[in-house]
Amino acid sequence: QVQLIESGGGAAQAGGSLRLFCSCSGSSLGAYGMGWFRQAPGKEREFVAATNWVGGTPTYADSVKGRFLLVRGVAEHTNYLQMNALKGEDTAVYYCAAHLGWSISTEADDYTYWGLGTQVTVSS
């Protein structure tokens, strides 16, 4: 079975940076789409960033463009989300997600596998 493991969450000051890491294990070799979503208290889960493992161009939510960077890891089926210029509104539980195939999806329903989430708290 496929398991996603997240790390790197924590607290940061406004204007600071955090890096969230995601590793997908238990799968056979092949193409995967990988993404990040977040959910703040009182809000629905929202798309943050997504990429794939076949050379696709990452895509980002408007709220994080220019601040966050999703990078394919050196190890296969890993990635990290570099979060810069953090704002209070970035405070949320962040989830790594993955699905089989080459597509880069912004829709949570397209993802099959999910991590448990990691808390990011930004103070001002």
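Visitor: Is Y111 buried or exposed?

Guide: This is a predicted model, in which local features need pLDDT of at least 70 and side-chain atom pairs count only at pLDDT 80 or more, while totals for chains, interfaces and linings use all residues. Residues are numbered from 1 along each chain as its sequence is written, and side-chain values use heavy atoms, with hydrogens and water left out. A residue is called buried under 20% relative accessible area, exposed over 50% and partly exposed in between (1.4 Å probe, protein chains only). At a relative accessible area of 6%, Y111 is buried.

Visitor: How many residues of β4 are buried?

Guide: Strands are DSSP runs of E with at least two residues, helices are runs of H or I with at least four, and both are numbered from the N terminus. Strand β4 is mostly covered, and of its 8 residues the number buried is 7.

Visitor: Which residue in the turn of the hairpin formed by β4 and β5 has a positive phi?

Guide: The two strands of this hairpin have 6 residues between them. A positive phi of about 80° in the turn belongs to G42.

Visitor: Which residue in β9 is the bridge partner of G35?

Guide: Strand β4 also pairs with β9, in the antiparallel sense and over 8 bridges. The partner of G35 in β9 is A97.

Visitor: How many aromatic pairs does the count come to?

Guide: Rings of Phe, Tyr and Trp (its six-membered ring) pair if their centres lie within 6.5 Å; planes under 30 degrees apart count as stacked, over 60 as edge-to-face and the rest as tilted. By this rule, the number of aromatic pairs is 5.

Visitor: Are the rings of F37 and F47 stacked or edge-to-face?

Guide: F37 lies in strand β4 and F47 in strand β5, so their pair ties together parts that are 10 residues apart in sequence. The ring centres are 5.7 Å apart and the planes stand at 70°, so the pair is edge-to-face.

Visitor: How many residues apart are F37 and Y111?

Guide: F37 is buried, with a relative accessible area of 1%. Its ring centre and that of Y111 are 5.3 Å apart with the planes at 75°, so this pair is edge-to-face. The pair links distant parts of the chain, F37 in strand β4 and Y111 in the loop between β9 and β10, and the number of residues that separates them is 74.

Visitor: Which residues do salt bridges with shared partners join into one network?

Guide: The side chains of D90 and R67 meet in a salt bridge of 2.7 Å, N to O. Both D90 and R67 are buried. Through shared partners, salt bridges join into one network R38, E46, R67 and D90.

Visitor: What is the average twist from one strand to the next in the open sheet of 4 strands?

Guide: The sheet has the order β1-β3-β8-β7, with antiparallel pairing. Strands β1 and β7 stand at the edges with a single partner strand each, so one side of each is left without a neighbour in the sheet. Axes are lines fitted to C-alpha atoms (for helices over the stretch in contact), and angles run from 0 to 180 degrees between N-to-C directions. From one strand to the next, the twist averages 15°.

Technical notes: Salt bridge = Lys/Arg side-chain N within 4 Å of Asp/Glu carboxyl O. Pairing = 2+ DSSP bridges.
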